[in-house]
Amino acid sequence: MRSGIHPVSRPVVFRDRAAGLQLLTRSTLDARDTVEWEDDITYLVVDVEISSASHPFYTGTSRVMDTTGRVERFERRYGRTLSHRAPQKESRR
């Protein structure tokens with residue numbers, strides 16, 4: 001590897017505040033905040049909005065939307081507006 005062109009990789013804690021999950025891994029991200037880990041060493045911490053602990057797909061709380069019949073339901077509710085329009089007359093110049 002050429003020296004001086006690669007970003008610095010260091011241990012970083014990724015913290016999901018919504019679920020309380022903390023994960024220690026290596027990253028090139030730079031963070032301002034720090035946190036004391038279980039081994040009594042202070043690491044940089046990056047707060048994330050969502051992780052596998054809080055994402056609905058991974059937690060099993062996701063909802064499946066009913067997509068069948070959506071067009072038919074729309075047409076029943078609002079009618080077929082495009083097919084009811086009167087044909088436009090051709091304009092002559």
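Leaving aside residues up to four places away in sequence, V35 touches V13, R15, I41, T42, Y43 and V45, where contact means heavy atoms within 4.5 Å. This is a predicted model, in which local features need pLDDT of at least 70, side-chain atom pairs count only at pLDDT 80 or more, and totals for chains, interfaces and linings use all residues. Residues are numbered from 1 along each chain as its sequence is written, and side-chain values use heavy atoms, with hydrogens and water left out.

V35 also belongs to the largest nonpolar core, a group of five residues with V13, W37, Y43 and V45. Such a core is a set of buried Ala, Val, Leu, Ile, Met, Phe, Trp, Tyr and Cys residues joined through side-chain atoms within 4.5 Å. Here buried means under 20% relative accessible area, exposed over 50%, and partly exposed in between (1.4 Å probe, protein chains only). In soluble globular proteins, nonpolar side chains tend to be buried together.

## Strand β1 and its partners

Strand β1 covers residues 10-16; strands are DSSP runs of E, at least two residues, numbered from the N terminus. β1 runs antiparallel to β2 (residues 21-27), joined by seven bridges, and two strands pair if DSSP finds at least two bridges between them. R10 has S27 as its bridge partner in β2. Four residues sit between the strands of this hairpin, where G20 takes a positive phi near 80°.

With β4, β1 pairs in the parallel sense over five bridges. There, R15 is partnered with D47.

D16 lies in β1 and is buried without a salt bridge, meaning a side-chain nitrogen of Lys or Arg within 4 Å of a carboxyl oxygen of Asp or Glu. The nearest side chain of opposite charge, R17, is 8.4 Å away. Instead, look at S51: the side chains of D16 and S51 make a polar contact at 2.6 Å. Beyond four places in sequence, D16 touches L21, V48, E49, I50, S51 and S54.

E36, in strand β3, is exposed, with a relative accessible area of 53%. Not counting residues up to four places away in sequence, E36 touches I41 and T42. E36 and V13 are 23 residues apart in sequence, and their C-alpha atoms are 9.5 Å apart.

D40 is found in the loop between β3 (34-36) and β4 (42-48), and is also exposed, at 59% relative accessible area. Its phi is near 60°, a positive value in a residue other than glycine. Most residues other than glycine have a negative phi.

Methods:
Lys and Arg count as positive and Asp and Glu as negative; His and the chain ends are not counted. A polar contact is a pair of N or O atoms within 3.5 Å; within protein, one must be able to donate a hydrogen and the other to accept it, and residues adjacent in sequence count only if both atoms are side-chain atoms.
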